[in-house]
Amino acid sequence: MTIKAITFDLDDTLWNNTPVLLKAERAVIEWLLAQFPNINDHHDIDTTTGEFREFKDQIKQANPALTHQVTNLRKVALEELLGQAGYTEQATNGAEQAMEVFLHARHQVNYFDYVESVLAELNQQYTLGVLTNGNVNIKRLSIGDYFDFAFCADELNTSKPDPVFFQAGIQAAKVLAEEIVHIGDHPEYDVIGAKEVGLKAIWFNPEQSSWDYHIKPDAVISCLSELPKAIKRIKI
């Protein structure tokens, strides 16, 4: 028995996500201030970005059903913001346009080294899937065609390490749990979550941090170029 399918986390596993999110948040605030100047009086982009983060957190606390709906949460917060600023009639359409500005910027990612070459190699031998807590649509990226399936938190209304996430991957790959290896950067969300459902797990650890958990990954890599050999060394 060998590994037949590989599932990938996206943010901070295939690219550095922090600068992507910061640029996306700034892009949408710039757009909002240009289109709806009555949002505030100071019109400062950095200040407005911070204020919107706090406002979005308030919306999340008031609407627990949106906890895992990262795209809907942002859209609802944008619509509420526009409504409170007096743009009641334009709020729904304005929020939809603002979300597209955000999502366009959200998909302007710079892959880590070897991402495209490693995916091209693995795609020849394995079924590849995406399991992400974020809201990137893999089909909007240049690497999208390498993947056979993808699940995100918006779609499943839950987040890793919920077993539902990994069970969805098992069903989509149509193999046994132990025939799948999941790769991700987060010890609890990716490695322990996958192991507890019976998958194999590889920890992507570019910072070479220490492992502080009882359940251990099947392999650890610091560069994605190490991934093909790490998968072949995994014993089922």
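Visitor: In β4, which residue is the bridge partner of T7?

Guide: T7 has H182 as its bridge partner in β4. A word on the model: it is predicted, so local features need pLDDT of at least 70 and side-chain atom pairs count only at pLDDT 80 or more, while totals for chains, interfaces and linings use all residues. Residues are numbered from 1 along each chain as its sequence is written, and side-chain values use heavy atoms, with hydrogens and water left out.

Visitor: How many bridges join β1 to β4, and how do the strands run?

Guide: The general idea is that two strands pair if DSSP finds at least two bridges between them. Strands are DSSP runs of E with at least two residues, helices are runs of H or I with at least four, and both are numbered from the N terminus. Here, β1 and β4 (residues 180-184) run parallel and are joined by four bridges. Besides the T7 and H182 pair, A5 has I180 as its bridge partner in β4.

Visitor: Which other strands belong to this picture?

Guide: β1 also pairs with β2 (residues 127-132), in the parallel sense and over four bridges.

Visitor: Are the residues of β4 buried or exposed?

Guide: The terms rest on relative accessible area with a 1.4 Å probe, counting protein chains only: buried is under 20%, exposed is over 50%, and partly exposed is in between. In β4, five of its five residues are buried. I180, H182 and G184 lie on one side and V181 and I183 on the other, so both faces are covered. V181 counts as buried because its relative accessibility is 0%.

Visitor: And which way do the residues of β1 point?

Guide: In β1 (residues 5-8), A5 and T7 point one way and I6 and F8 the other way, and all are buried.

Visitor: Let's turn to charges. How many salt bridges are there?

Guide: A salt bridge is a side-chain nitrogen of Lys or Arg within 4 Å of a carboxyl oxygen of Asp or Glu. By this rule, the count is 11 salt bridges. One of them joins E179 and K4, with the closest N and O atoms 3.2 Å apart. E179 sits in the loop between α7 (163-173) and β4, and K4 in the segment before β1, so this pair ties together parts that are 175 residues apart in sequence. E179 is buried, because its relative accessible area is 6%, whereas K4 counts as partly exposed at 41%.

Visitor: Where is the salt bridge partner of K160?

Guide: K160 forms a salt bridge with D9, the closest N and O atoms being 3.0 Å apart. K160 lies in the loop between α6 (153-156) and α7, and D9 in the loop between β1 and α1, so parts 151 residues apart in sequence are tied together. K160 and D9 are both buried. With D190, they are linked in a network of salt bridges.

Visitor: Which residues gather in the patch of negative charge?

Guide: Asp and Glu count as negative and Lys and Arg as positive, while His and the chain ends are not counted. The place of a charge is taken as CG of Asp, CD of Glu, NZ of Lys or CZ of Arg. On this surface, D44, E51, E54 and D57 gather in a patch of negative charge. D44 is found in the loop between α1 (17-35) and α2 (45-62), and at 33% relative accessibility D44 counts as partly exposed.

Methods:
Patches are made of residues with over 30% relative accessible area and no salt bridge: like charges are joined within 9 Å, nonpolar side chains (Val, Leu, Ile, Met, Phe, Trp, Tyr) within 5 Å. Accessible areas come from the Shrake-Rupley method with a 1.4 Å probe; for residues, only the protein chains shown count as cover.
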